[in-house]
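Me: Please take a close look at one part of this model. Then tie it to what surrounds it, in short sentences.

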Amino acid sequence: MKQKTVLGLICLSGFLAVGIGAFGAHGLTSPQTKAWVVTGSGQHMAHTLVLFVCVWLQTQGYHKARFAVPLFGLGMILFAGSLYALALGAPRAVAMAAPLGGLSLLAGWICLAWACFSRKETLHERH
């Protein structure tokens, strides 16, 4: 996928995180549904920003950071998406996706650490 497409999708993810968070703050009355949306939108936005970092790291020579991108994307969809769905009245069974999303987010962080630890320094960077 082209970098401009990836960046555009990341921007749309940020837009959704803000919009859904605002909906949760102003459009929901139940404390439980508000809590689900606050948790989901917080993790959604945090990992949207991490996706920008992944793209930036790739431009800095941390090419393996590209492997973290789909893990973060899947994690955001499963974790935040399941909380959003619950807040909108989905069956409780949807909550089973949240732990899988959390595992995907954790895997993304491990993958990003691997990308950073495994990068080879260039001769210019050693000085």
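Reply: Start with H47, which counts as buried because its relative accessibility is 5%. Buried means under 20% relative accessible area, exposed means over 50%, and partly exposed lies in between (1.4 Å probe, protein chains only).

A word on the ground rules. This is a predicted model, in which local features need pLDDT of at least 70 and side-chain atom pairs count only at pLDDT 80 or more, while totals for chains, interfaces and linings use all residues. Residues are numbered from 1 along each chain as its sequence is written, and side-chain values use heavy atoms, without hydrogens or water.

H47 sits in helix α2. Helices are DSSP runs of H or I with at least four residues, strands are runs of E with at least two, and both are numbered from the N terminus. What does H47 touch, leaving aside its neighbours within four places in sequence? The partners are F72, M76, L105 and W109. Contact here means heavy atoms within 4.5 Å.

Now the helix itself. α3 has 20 residues and spans 28 Å from its first C-alpha to its last, close to the 28 Å expected at 1.5 Å a residue. That expected span is 1.5 Å times one less than the number of residues. α3 also has a kink of about 30 degrees, centred on G81. The bend at a residue is the angle between axes fitted to the seven residues ending there and the seven starting there. After α3 comes G89, with a positive phi near 100 degrees.

In soluble globular proteins, nonpolar side chains tend to be buried together. Beyond its neighbours within four places in sequence, A68 touches C54, G108, C111 and L112.

Finally, step back. The protein has four helices and zero strands. Of its 127 residues, 31% count as buried.
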